[in-house]
Amino acid sequence: KSIIETIGEDFPRLRIGIGRDGDAIDHVLAAFTPDEERRLQTIVATAADGAERWLDDGPVEAMNLLNGWQEPSA
């Protein structure tokens, strides 16, 4: 929020969804569930790939990569 207040809203952002159920604050501040713990390494690696794609190829390519990503089924 402070970035928007400082430079305005006209800048590209890489936003990461939290897949929340219920209250967002409680969800974000809660400990990971065992299922989330098992999936965390894959999710973080994918987010890192998106950030690298952003730096290498720009925000549109990063969005194309991440918006098409589906977590592998167990």
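**Figure 1. Arg-39 in helix H3 of the predicted model.** Arg-39 lies in helix H3, where helices are DSSP runs of H or I with at least four residues, strands are runs of E with at least two, and both are numbered from the N terminus. With a relative accessibility of 28%, Arg-39 is classed as partly exposed (buried is under 20% relative accessible area, exposed is over 50%, and partly exposed lies in between, for a 1.4 Å probe and protein chains only). Although 32 residues separate Arg-39 from Glu-71 along the chain, their C-alpha atoms are 8.6 Å apart. Residues are numbered from 1 along each chain as its sequence is written, and side-chain values use heavy atoms, with hydrogens and water left out. Because the model is predicted, local features need pLDDT of at least 70 and side-chain atom pairs count only at pLDDT 80 or more, whereas totals for chains, interfaces and linings use all residues.

**Figure 2. Arg-15 in the loop between helices H1 and H2.** The loop that holds Arg-15 runs between helix H1 (2–7) and helix H2 (24–29). Arg-15 counts as exposed, because its relative accessibility is 70%. From Arg-15 to Ala-47 the C-alpha separation is 9.9 Å, for two residues that are 32 apart along the chain.

**Figure 3. Thr-46, a buried residue of helix H3.** Thr-46 belongs to helix H3, and its relative accessible area of 13% is why Thr-46 is classed as buried. Once the neighbours within four places in sequence are set aside, Thr-46 is in contact (heavy atoms within 4.5 Å) with Leu-66 and Trp-69.

**Figure 4. The contact of helix H3 with helix H4.** The axes of H3 (residues 34–57) and H4 come within 7 Å and cross at roughly 155°, and H3 is therefore roughly antiparallel to H4. Axes are lines fitted to C-alpha atoms, for helices over the stretch in contact, with angles from 0 to 180 degrees between N-to-C directions; under 35 degrees is roughly parallel, over 145 roughly antiparallel, 65 to 115 roughly perpendicular, and the rest oblique. On the H3 side, the residues that meet H4 are Thr-46, Asp-49, Gly-50, Arg-53, Trp-54 and Asp-57. On the H4 side, their counterparts are Pro-59, Glu-61, Ala-62, Leu-65 and Leu-66.

**Figure 5. Ala-62 in helix H4.** Ala-62 sits in helix H4, which spans residues 59–67, and Ala-62 counts as buried because its relative accessibility is 0%.

**Figure 6. The whole chain as context for the close-up views.** The chain contains four helices and zero strands, and the pattern read along its sequence is α-α-α-α. The chain has 74 residues, of which 7% count as buried, with Thr-46 and Ala-62 as two examples shown above. Of the contacts between residues at least 6 apart in sequence, 38% join residues that are at least 24 apart.
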